[in-house]
Amino acid sequence: QELGPLQAAIDHLPLRSQQAMTLRKIEGLSRREIAARMGIAEQTVAEYLASGAYVLAEWLHSEPGRKP
């Protein structure tokens, strides 16, 4: 499975958002499992995932020469 563009986008997230997005999108964990693994509340996981998804969408849909 090719993760190149997705991994490049994830690498530009803040550290905790990177961790949450990797656990969700690559490892397939639920928010509850992510919260337990990271030692944070499920609501915090939801916030990391929401903000991460926004940044990922911006990154993946921007023009190649205009990457943030």
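This is a predicted model: local features need pLDDT of at least 70, side-chain atom pairs count only at pLDDT 80 or more; totals for chains, interfaces and linings use all residues.

Trainee: Where does Ser 17 lie, and which residues is Ser 17 in contact with once its neighbours within four places in sequence are left aside?

Mentor: Ser 17 belongs to helix 2, which spans residues 15–26, and with those sequence neighbours set aside, its contacts are Tyr 48 and Ser 51.

Trainee: Turning to charged side chains, how many salt bridges does the count come to?

Mentor: The general idea is to look for a side-chain nitrogen of Lys or Arg within 4 Å of a carboxyl oxygen of Asp or Glu, and by this rule there are two salt bridges. One joins the side chains of Glu 27 and Arg 37, with 3.0 Å from N to O. That pair links distant parts of the chain, 10 residues apart, since Glu 27 sits in the loop between helix 2 and helix 3 (31–38) while Arg 37 is in helix 3.

Trainee: What are the partners of the salt bridge that Arg 32 forms, and how far apart are the closest N and O atoms?

Mentor: Arg 32 pairs with Glu 42, and the closest N and O atoms are 3.3 Å apart. Here too the pair links distant parts of the chain, with Arg 32 in helix 3 and Glu 42 in helix 4 (residues 42–61), 10 residues apart.

Trainee: Which residues of helix 3 are buried, and how should I read their placement around the axis?

Mentor: An α-helix has 3.6 residues a turn, so residues three or four places apart point the same way. In helix 3 the buried residues are Ile 34, Ala 35 and Met 38, and because they cover an arc of only 100° around the axis, they lie on the same side of helix 3. The buried residues of helix 3 pack against helix 2 and helix 4, whereas Arg 32, Ala 36 and Arg 37 are exposed on the other side.

Trainee: What does the backbone do just after helix 3?

Mentor: At that point Gly 39 takes a positive phi of about 70°.

Terms used:
Residues are numbered from 1 along each chain as its sequence is written. Side-chain values use heavy atoms; hydrogens and water are left out. Helices (H or I, at least four residues) and strands (E, at least two) are DSSP runs, numbered from the N terminus. Contact means heavy atoms within 4.5 Å. Buried means under 20% relative accessible area, exposed over 50%, partly exposed in between (1.4 Å probe, protein chains only). The arc is that of the directions from the helix axis to the C-beta atoms.
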